[in-house]
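Trainee: I would like a close look at a single part of this model. Please take me through it in one go.

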Amino acid sequence: MKALNFLTRTRSGRRMDWTDWLSYSYLVMGLFLMFGPVLWLVMSSFKTESALNEFPPSFLPYGQKSIAVPGEEKMKPVYRVKMPDGTTKELAELRRIGLTATHVDPARPDDLVRVNVKDREPVREFKLATENYTDLGGKISFGTYLWNSVFITVIATILTLLFNSMAAFALSKYKFKGRTSVFLLILGTLMVPPAIVLVPNFLVVSELGMLNSLWGVIWPAIATPTGVFLLRQYMLTIPDELLDAARMDHASEWQIYWRIVLPLAAPALAVLAIFSVMWRWNDFLWPLIVLSKEEKFTLQLALNAFQGDLVTQWNYLLAMTVITLLPITIVFAFLQKYITQGIASAGVK
């Protein structure tokens, strides 16, 4: 009820002002532009291959109606047939030879009707092609690709939080000569396009023998300048007196970092964790360069490899795309509030 009142409130509090109409129109248009393509993707993933090739395309997944005919093993498609007397009937197609099709009424299987294919049209009904999802296991090694993506995302996120927080802790709480220069140097790497460092990273990974290894995808990008900047700005807000009191109690630097700084920096760590999950789950270019064996592919690479040179089964490809987008969508939907809170609290003062 509170959400409804919030969404329907107006400027004057009573009736809609012209500014309210303008604001709601803008919000509805933005909502349509953002989520319209996603809804179309989800609906298309439940369409059959023939329904995807229809023109003009339809938003809802419609398929041709089929019915059981006595004496026939398979379900037969249903057509709306124009009879010689001008009436129309819904009949099941038994067979088709050229331009002539043989139809039958399931209630009267002995009466065969032969009509020209121009005098009929398929009967469509709302139908979810759930086999697009259930048959994926037989088409590709979906479980292997899912495990590879989950492993890379989880391990890389943990290492990213560890290394970035350690660097941010040193840059925010230790005073040493050149601290500002080091921090500016780290920020300066944001201006380097990722494509520039692809070849050096590949050479390093190759020399370390990590080609076609999931670790070769994980290690090169665990330290990010964005993460160091975000955590450093947040850790600057932690009072130094708290750390000095811990040192007076004979706490080691590792204990101060692990037991005091990290728990207090939890909001910023949550933001970086969300970003890291999105970066690693959606990464395509670097795994494409490092991994060449199919059993090491991530879901993103499997999507690319699923497209054939001559024939592409778009119904399965769309279903796999939805499954690939689902985990990251759930993570972002439930944790998006931490993004705004963490960025707001870690902003530059």
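Mentor: Start at a turn. Strand 4 and strand 5 form a hairpin with 2 residues between the strands, and Gly98 there has a positive phi near 65°. Keep in mind that this is a predicted model. The two strands run antiparallel, and 5 bridges join strand 4 to strand 5, which covers residues 100-105.

Now step back along the chain. Strand 4 (residues 88-97) also pairs with strand 3 (residues 76-82). That pairing is antiparallel too, over 5 bridges. Across it, Tyr79 stands opposite Leu91 of strand 4. Strand 3 and strand 4 make a hairpin as well, with 5 residues between them. Its turn holds Gly86, whose phi is positive at about 95°.

Next, the helices. Helix 12 spans residues 253-264, and helix 13 spans residues 266-282. Their axes come within 5 Å and cross at roughly 70°. Angles of 65 to 115 degrees count as roughly perpendicular. Helix 12 and helix 13 are therefore roughly perpendicular to each other. Who makes the contact? From helix 12 come Leu262, Pro263 and Leu264. From helix 13 come Ala266, Pro267 and Leu269. By class, that contact has 6 nonpolar residues, no polar ones and no charged ones.

Look at helix 12 on its own. The helix has 12 residues. From first C-alpha to last, helix 12 reaches 15 Å, close to the 16 Å expected at 1.5 Å a residue. Its buried residues are Ile256, Tyr257, Ile260, Val261 and Leu262. What do the buried residues of helix 12 pack against? They pack against helix 6 (142-173), helix 10 (225-235), helix 11 (240-248) and helix 13.

Finish on helix 6, which contains Thr153. Is Thr153 buried or exposed? The cut-off for buried is under 20% relative accessible area. Thr153 has 5%, so this residue is buried. Set aside its neighbours within four places in sequence, and Thr153 is in contact with Val277, Arg280 and Trp281. Those residue numbers fall in the range of helix 13, residues 266-282.

Methods:
Residues are numbered from 1 along each chain as its sequence is written. This is a predicted model: local features need pLDDT of at least 70, side-chain atom pairs count only at pLDDT 80 or more; totals for chains, interfaces and linings use all residues. Side-chain values use heavy atoms; hydrogens and water are left out. Axes are lines fitted to C-alpha atoms, for helices over the stretch in contact, and angles run from 0 to 180 degrees between N-to-C directions. Helices (H or I, at least four residues) and strands (E, at least two) are DSSP runs, numbered from the N terminus. Angles under 35 degrees count as roughly parallel, over 145 as roughly antiparallel, 65 to 115 as roughly perpendicular and the rest as oblique. Contact means heavy atoms within 4.5 Å. Ala, Val, Leu, Ile, Met, Phe, Trp, Tyr, Cys and Pro count as nonpolar, Asp, Glu, Lys and Arg as charged, and the others, Gly among them, as polar. Two strands pair if DSSP finds at least two bridges between them. The expected span of a helix is 1.5 Å times one less than its number of residues. Buried means under 20% relative accessible area, exposed over 50%, partly exposed in between (1.4 Å probe, protein chains only).
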